[in-house]
Amino acid sequence: MPIVVATLRTRPGRREEVLAAFRRHAPAVHAEPGCLLYAVHAGEDRVTVVENWADQAALDAHSAGAALAALGGEIADALAGPTDVAVLQPVPTGDPAKGLLPTT
């Protein structure tokens, strides 16, 4: 199950615009086959999305899908630079209930 951590740095004063776009497009992403988690988090100058996909095929479909393309088109001008995307594999540690992202 691929885990994605994507961090977007926002231009000064544009964070709320980016969050509004995520609010509009997240329901479509949540409805995509294989989406187990698509959670948006915000800091002062950044938005970080933590994603969990059922398999690589689901992640690939999301990456090439309409929802992500529409979101990217809306927020491009509000970003301070390229998005930092890390695709990771889970590494179980410690308590199984706390050492892995939930899958359901």
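For what follows, Ala, Val, Leu, Ile, Met, Phe, Trp, Tyr, Cys and Pro count as nonpolar, Asp, Glu, Lys and Arg as charged, and the others, Gly among them, as polar. I need that for the pocket, so let me begin there. Please keep in mind that this is a predicted model.

By those classes, the lining of the largest pocket has 12 nonpolar, four polar and one charged residues. The pocket's volume is about 230 Å³. Of the 17 lining residues, Ala6, Glu51, Leu68, Thr83 and Val85 lie nearest the centre. H3 gives the largest share, with four residues.

Now the strands. S1 is mostly covered, with five of its seven residues buried. S1 pairs with S3 in the antiparallel sense, over seven bridges, and in that pairing Thr7 stands opposite Thr48. S1 also runs antiparallel to S4, joined to that strand by five bridges; here Val4 stands opposite Val87. S3 has a further partner in S2, again antiparallel and again over seven bridges. Ala39 of that pair faces Val50 in S3. S2 and S3 make a hairpin, and three residues lie between them.

As background, an α-helix has 3.6 residues a turn, so residues three or four places apart point the same way.

H2 can be described along similar lines. Ala58, Leu59 and His62 are its buried residues. They cover an arc of only 100 degrees around the axis, which puts them on the same side of H2. The opposite face carries Ala57 and Ala61, both exposed. The buried residues of H2 pack against S1, H1, S2, S3, H3 and S4.

Is His62 buried or exposed? Its relative accessibility is 2%, and the cut-off for buried is under 20%, so His62 counts as buried. Leaving aside neighbours within four places in sequence, His62 is in contact with Val29, Glu32, Tyr38, Glu51, Trp53 and Leu68.

In H1, I will mention Ala26. Ala26 is buried, with a relative accessible area of 12%. Its C-alpha atom is separated by 21 Å from that of Leu88, 62 residues apart along the chain.

Thr10 is in the loop between S1 and H1, while Leu79 is in the loop between helix H3 (66-75) and strand S4 (84-88). Thr10 has 6% relative accessibility and counts as buried; Leu79, at 11%, is buried too. What does Thr10 touch, not counting residues up to four places away in sequence? The list is Arg15, Val18, Asp45, Arg46, Val47, Ala78, Leu79 and Ala80. With that exclusion again, Leu79 touches Leu8, Arg9, Thr10, Arg11 and Val18. Val18 is therefore a contact of Thr10 and also of Leu79. Leu79 and Arg11 are 68 residues apart in sequence, and their C-alpha atoms are 5.4 Å apart in space.

To recap the pieces: S1 pairs with S3 and with S4, S2 pairs with S3, and H3 supplies the largest share of the pocket lining. That is what I had.

Key
Residues numbered from 1 in each chain as written. Predicted model: local features only at pLDDT ≥ 70, side-chain atom pairs only at ≥ 80, totals over all residues. Heavy atoms only, no water. Helix = DSSP H or I, 4+ residues; strand = E, 2+ residues; numbered from the N terminus. Buried < 20%, exposed > 50% of the residue type's maximum accessible area, 1.4 Å probe, protein only. Contact = heavy atoms within 4.5 Å. 1 Å grid on protein atoms, 1.4 Å probe; cavity = no way out; pocket = protein on both sides within 12 Å on 5 of 7 lines; lining within 4 Å. Points joined across faces, edges and corners; volume = space filled by probe spheres on them. Pairing = 2+ DSSP bridges. Arc of directions from axis to C-beta.
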